[in-house]
Amino acid sequence: MAEIKVTLTDTELKCLEYAAAVPQDWADNALTNRARIAKDEIIAALVTNCNANSVALAVGEDKQVAQAFDLKVVKKASEVEVSKPE
């Protein structure tokens, strides 16, 4: 399991304490929810690809996410080329 560390200034922490009763819980929830959204997008792309190409779909969400990357249906954001405005 991965661990993500976030460093805040004292002012940023005070501001987050204003917005959330428990800042760590808020951060955990924000990251977990964004990962859930990405998982749903990845699996949807995989299902579309597998149906279009008559490929057997892996069983279980973990295996489906891995399959989507293995088949190059999706890429890591760091691997996606971003076009720059001219």
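Tutor: We begin with accessibility: buried means under 20% relative accessible area, exposed means over 50%, and partly exposed is what lies in between, computed with a 1.4 Å probe on protein chains only. The model is predicted, so local features need pLDDT of at least 70 and side-chain atom pairs count only at pLDDT 80 or more, while totals for chains, interfaces and linings use all residues. Residues are numbered from 1 along each chain as its sequence is written, and side-chain values use heavy atoms, with hydrogens and water left out.

Student: Why is serine 54 called exposed?

Tutor: Serine 54 has a relative accessibility of 71%, and because exposed means over 50%, the label applies. Serine 54 sits in the loop between α2 and α3, where helices are DSSP runs of H or I with at least four residues, strands are runs of E with at least two, and both are numbered from the N terminus. Its phi is near 50°, a positive value in a residue other than glycine.

Student: What makes lysine 72 exposed?

Tutor: The relative accessibility of lysine 72 is 67%, and therefore it counts as exposed. Lysine 72 belongs to the segment after α3, and although it is not a glycine, it has a positive phi of about 60°.

Student: Why is α2 described as roughly perpendicular to α3?

Tutor: The axes of helix α2 (residues 23-53) and helix α3 (residues 61-70) cross at roughly 65° and come within 9 Å. Angles of 65 to 115 degrees count as roughly perpendicular, under 35 as roughly parallel, over 145 as roughly antiparallel and the rest as oblique, so the pair is roughly perpendicular. The axes are lines fitted to C-alpha atoms, for helices over the stretch in contact, and the angles run from 0 to 180 degrees between N-to-C directions.

Student: Which residues make the contact between α2 and α3?

Tutor: Contact means heavy atoms within 4.5 Å, and the residues involved are Lys39, Ile42, Ile43, Leu46 and Cys50 of α2 together with Glu61, Gln64, Val65, Gln67, Ala68 and Phe69 of α3.

Student: What makes glutamine 64 buried?

Tutor: Its relative accessible area is 12%, and because buried means under 20%, glutamine 64 is buried. Glutamine 64 lies in helix α3 and touches Ile43, Leu46, Leu57 and Ala58, not counting residues up to four places away in sequence.

Student: How do you know that glutamate 61 is partly exposed?

Tutor: Glutamate 61 has a relative accessible area of 43%, and so it is partly exposed. Glutamate 61 is in helix α3 and, leaving out residues up to four places away in sequence, touches Lys39 and Ile43. Glutamate 61 and isoleucine 42, 19 residues apart in sequence, are 9.8 Å apart in space, C-alpha to C-alpha.

Student: And why is asparagine 49 partly exposed?

Tutor: Asparagine 49, in helix α2, has a relative accessible area of 24%, and therefore it is partly exposed. Leaving aside neighbours within four places in sequence, asparagine 49 is in contact with Leu71 and Val73, and its C-alpha atom is separated by 9.3 Å from that of leucine 71, 22 residues apart along the chain.

Student: How many disulfides does the whole structure have?

Tutor: A disulfide is a pair of cysteine sulfur atoms within 2.5 Å, and a search of the whole structure finds zero disulfides. Cysteine 50 counts as buried at 2% relative accessibility, whereas cysteine 15 counts as partly exposed at 48%.
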